[in-house]
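Hi everyone, thanks for making time this morning. I'd like to walk you through one model and point at a few places worth a look on the screen.

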Amino acid sequence: MINLRDRIIAGERAAIAKAITLVESSREEDINHSHELISALIKSPGHAIRVGFSGPPGVGKSTFIESFGSHIVNKNFKLGVLAIDPSSNFTGGSILGDKTRMSEISKNENTFIRSTPSRGSLGGIAVGTREAAIILDAAGYDYIFIETVGVGQSEITAANLVDIFTLIVGPGSGDELQGIKKGITEYADIFIVNKNDGDLASQASRTASDYKSALSFYNKDNNELETQVVLVSSIENKGMDEVLNSFNKIVEFNKSNNRFESRRENQLAYWLEEEVRNKILLQLSKENGIPGLIENEVQRIISGETGFYSASKTIIDTFLGKK
Amino acid sequence: MKKDKSKRLSDWEKKFSKEVKIETSKQFFHETDEGININPLYTKEDLLGYTFNDIQTLPGEWPYTRGPKASMYTNRPWTVRQYAGFSTAEESNKFYRKNLEAGQMGLSVAFDLPTHRGYDSDDELVMGDVGKAGVAIDSVEDMKILFDGIPLDKMSVSMTMNGAVLPVLAAFIVAGEEQGLDRKVLSGTIQNDILKEFMVRNTYIYPPEPSMRLVADIIEYTAKEMPKFNSISISGYHMQEAGANNVQELAFTLADGMEYVRAALSKGLAVDDFAPRLSFFFAIGTDFFMEIAKLRAARTLWAKIMQDFGATNEKSLTLRTHCQTSGVSLTEKDPYNNIVRTSYEALSAVLGGTQSLHTNSFDEAIALPTEFSSRIARNTQLILQNETGVTNTVDPLAGSYFVEKLTEDICSAAWKIIEEVEEFGGMTKAVAAGMPKLSIEESATKKQAKIDSGKQVVVGVNKYKNPKEPKIDVLVIDNEKVREDQIKKITTLKIERDSKILEGHLSRITEAAKNNSGNLLALSIEAMRARGTVGEVSKALEDAFGRHYATNVGVSGVYGKFFEKDEKFMEIQNKIDTFEKENGRRPRVLIVKMGQDGHDRGAKIVATSFADLGFDIDMGPLFQSPKDVAKDAIENDVHAIGVSTLAAGHRTLVPELMKSLNAIDKNNKIIVFVGGVVPEQDYQFLYDNNVSAIFGPGTSILVSAEEVIKLISKKH
Ligand code: B12
Ligand SMILES: Nc1nc2c(ncn2[C@@H]2O[C@H](COP(=O)(O)OP(=O)(O)OP(=O)(O)O)[C@@H](O)[C@H]2O)c(=O)[nH]1
Ligand SMILES: [Mg+2]
């Protein structure tokens, strides 16, 4: 593991790749190894800015990353991309298609592009995405982009992974404006309106101003940065400088008033709680006698021997060893 | 004894039911790939109630169902036009001249992939592809050699060129000029059909919109300057070869035609000024009667379409077409069977009334044809023309209850799709949205499933296999030698020309492209005459238009659906599940196309089917370099790379890939296997380069999948 850690820190491509496989693996021994590795890597963090991209399927997330990624790489930054691909198939296999839209940045020496099948995990990210970001950070990447599955409602998990959370939207029907509820603006730092080109251009700019005015209603309190809205075309590479400026603005602002760090701390709390919750659930399903007990209690509820809430209490108490 | 009609029919029905042991013949039909039901019997009643097909009409008469001309082959048989080209202009020229002496009647030039994609032979990017799958043409000098001793005022020349259409057509015109000929006398056809490149053929260069402008500029220029030259060959051929069924092929082709008519009209031309020079190109597969009916339906519908565009000149209303027998119907296994298949297909094309024909060689699924295999292919047509009597009667199948009904059925099925496309806003929009491509890929995947499951028999492949495969000679091209020769010629050219003058022409091209002004073919002629290269003119256009990158993902679940509850299929699924349990993730395979090879049918089918079986599949984009593939493979930590190679680049590209993989990680455990058109002579070479398995044409997906999971499991 130490060897792998050093190779990652040295930026060795194959080592990074193997490490990501490790953190994504469902094999018990891999999971143990990955914990060791991540604990070791966290001790030597890099300086990466992590950016999440969410938005409905087909809105142009991958294409945007190709275009904006090129922009960034041309400025000599090192870019890591974690693309969570939605295309899981009914039999469990998948075709990972995001990368076919990232052919230019894929070629570049200063990028690392990894696709992961979502496998139906919640929140638009995959098992191991958080850890993969830690690996790329330790390996010295300047930016880490995470393309989530465009799931709509469950952005919270993805937002808790990143320093900048971006929502990409298309030249809209206006229906999407319904989506700008108070909740989402709390997570999104920036809205990117894509496809500002050809026949769609006028609709795109209308959508952007709609978003701006809608957002002004929900604006955050005075000492918060207002949510940015940027108009781009990923296929014509328009608006990329504006996006970069907005990113810089967000980072600077957040760093200047300690929000940047406190956000990461809050995220740590979020993930710790997640981890504990998941482990407990896992333990619950494996603990000797518990699955049988649950079945038993269900029968007892049905037959009227016990009630729903007392059954629940019995199970929890047994699990916690109080009985 | 005389019986009345209905009594006779019911008697037949009874006999039929008894013979085949079913209730009624109505239950007994065959459903074609197109979803058309073929009945066991057609009668006079089947001639009634048509919307499109008017069975009363005659050849050379509206709507030309029976043929564009009154006399058809009785006056002049179809043109024997064999598509060929390989290596250098010198080699191809020699080959053409021999063929013409042996009875071929027209030329058809196959360019190599670098030329198609607008790269000169000295470009690093195309190292493995020069001269491999066609002839390398870099400049007017090459073009002159290609037609040396062939008088371009007498010989009609067809050129399959779409991406780099401007410099290549320009070079042809200048070559004619330097043979002392006015461009007015040049006859032939330029394919110039870019829409189907985005759909299936993949030798596009620029994005769709500027590409459509090139098409229109060429139609405009030739309409004014080259009265004997077909400005476009609207092609369905490649669609069928990519997997489209006949109705899809017909509908998308005619819809493409409509789009080109609109593009030309937008240049301010009147429809009858250019429409007589629009020509077509269809594939003729193994479904004998369907293909005949397709050609009859094509003429019928085009007449209607052109009438709606306001055409009045008869030449605008008639669809004239070239046909080629289907390459994809030909097999690597037991290859002499292909001579038989091609013969039936050729007969089908002729009964359908084609104007010219290419017949494939029996070594189609192995390599470019040899002199021997080309001779048999050519003679297949010559025998048909001279010995069988098929040329004595015009449209001999007219009045056949079956063929007439099928003609009508195809018309109405195709018309439905055409209307869908129109609702989309025309083919350019439909293509940009990926609609036709996806539906063709779906058909292709179904076809593979039908063959792999044995529902469709392919003799020598999934039934009646030959236990003793014959050894056959293959054409070998020394690609390094070709490249060296071409580089020498380019170097001399660049020394001898006046670069200042050329630069002026090139910058005028870029300007005109940017400003949407001028005619780009006229400007390209100037540049090529000043000894510009195909690569330079293409680059001048690229500076204005950019390059196009395709981003299509493909179908899912189509293959798997055919194998629900299939034992073999489930067995492989189980193996994959076991692998996942033991390894903590699914077997992951990167499927790639390297170099300029744009044959993506096989790669896509394998990708979607493997995913249905439970693999995680990374799909690389087209035109990757070995270096890009290696980076992609390592970063995604795939277990295996499947290289799909059909255009003979593997001898250069596969060793390069191995080198690149080792350069990134010399301890990598990635398994590399190869699929596609690989002559047996190359197997050992590939194995020596650490290739673990080779899957040739006709390999069942279940067989390759099982082998791949076995190889991966062994290593992990
Ligand atoms: C269909 C076809 C086309 C279509 C392609 C459509 C498309 N989008 O794919 C069209 C008509 C457009 C076309 C054009 C050309 N073609 Co072509 N084409 C063929 C043809 C007839 C069949 C190929 C095919 O799709 N078969 C069906 C699929 C399912 O089979 P497959 O790809 O072989 O895949 C199977 C196996 O090989 C294996 N496999 C393949 N890949 C992989 C990958 C993995 C991971 C695995 C496990 C297995 C596997 O499993 C698959 C399932 O069984 C072949 C000849 C032949 N019969 O093979 C010529 C052929 C490949 N073409 C040829 C040529 C020259 C061309 C052109 C370059 C001609 C020219 N000069 O203009 C053009 C250019 C195309 C381009 N952009 O590259 C030559 C190549 C010569 C050579 N190798 O020496 C061939 C061999 C014909 C010939 N003998 O002349 N072509
Ligand atoms: N006109 C236009 N089309 C775009 C633009 N960006 C993306 N597209 C097109 O939108 C489609 C979807 O693009 P993707 O990048 O795959 O979208 P995505 O959000 O990553 O999609 P999923 O990963 O499937 O959710 C493709 O056809 C793109 O070519 C743009 O800026 N303008
Ligand atoms: Mg995407």
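Let's start with Lys21(B), which counts as exposed, with a relative accessibility of 72%. You can find Lys21(B) in the loop that runs between α1 (5-20) and β1 (30-31) of chain B. The backbone there deserves a glance too: Lys21(B) is not a glycine, yet its phi is positive, about 60°.

Before going on, a word on what we are looking at: this is a predicted model. For the complex, the predictor gives an ipTM of 0.92 and a pTM of 0.95. Chain B has an average pLDDT of 96, and 100% of the residues score at least 70.

Now, back to the backbone. Lys565(B) is another non-glycine residue with a positive phi, here about 70°. Look for Lys565(B) in the loop between α22 (558-562) and α23 (567-583) of chain B. Is Lys565(B) buried or exposed? Lys565(B) is exposed, at 74% relative accessibility.

The peptide bond joining Trp62(B) to Pro63(B) is cis, with omega at about -5°. Pro63(B) sits in the loop between β2 (37-38) and β3 (79-84) of chain B.

Which protein residue is a donor to the cobalt atom of ligand 1? The only protein donor is His599(B), through NE2, at 2.2 Å. As for where that histidine sits, His599(B) belongs to the loop between β12 (588-592) and α24 (601-613) of chain B.

Last stop, the cysteines. How many disulfides does a search of the whole structure find? The search finds zero, over all chains. Take Cys323(B), which is in no disulfide: the nearest cysteine sulfur belongs to Cys411(B) and is 16 Å away. A disulfide here would need the two sulfur atoms within 2.5 Å. Likewise, Cys411(B) is in no disulfide, and its nearest cysteine sulfur is that of Cys323(B), 16 Å away. And how accessible are they? Cys323(B) is buried, with a relative accessible area of 0%, and Cys411(B) is buried as well, at 0%.

So, to recap the stops: two lysines with positive phi, Lys21(B) and Lys565(B); a cis bond between Trp62(B) and Pro63(B); His599(B) at the cobalt atom; and Cys323(B) and Cys411(B), both buried.

Methods: Residues numbered from 1 in each chain as written. Chains lettered and ligands numbered in written order. Predicted model: local features only at pLDDT ≥ 70, side-chain atom pairs only at ≥ 80, totals over all residues. Heavy atoms only, no water. pLDDT = per-residue confidence, 0-100. Donors = N, O, S within 2.8 Å, 3.2 Å for Na, K, Ca; no water. Helix = DSSP H or I, 4+ residues; strand = E, 2+ residues; numbered from the N terminus. Buried < 20%, exposed > 50% of the residue type's maximum accessible area, 1.4 Å probe, protein only.
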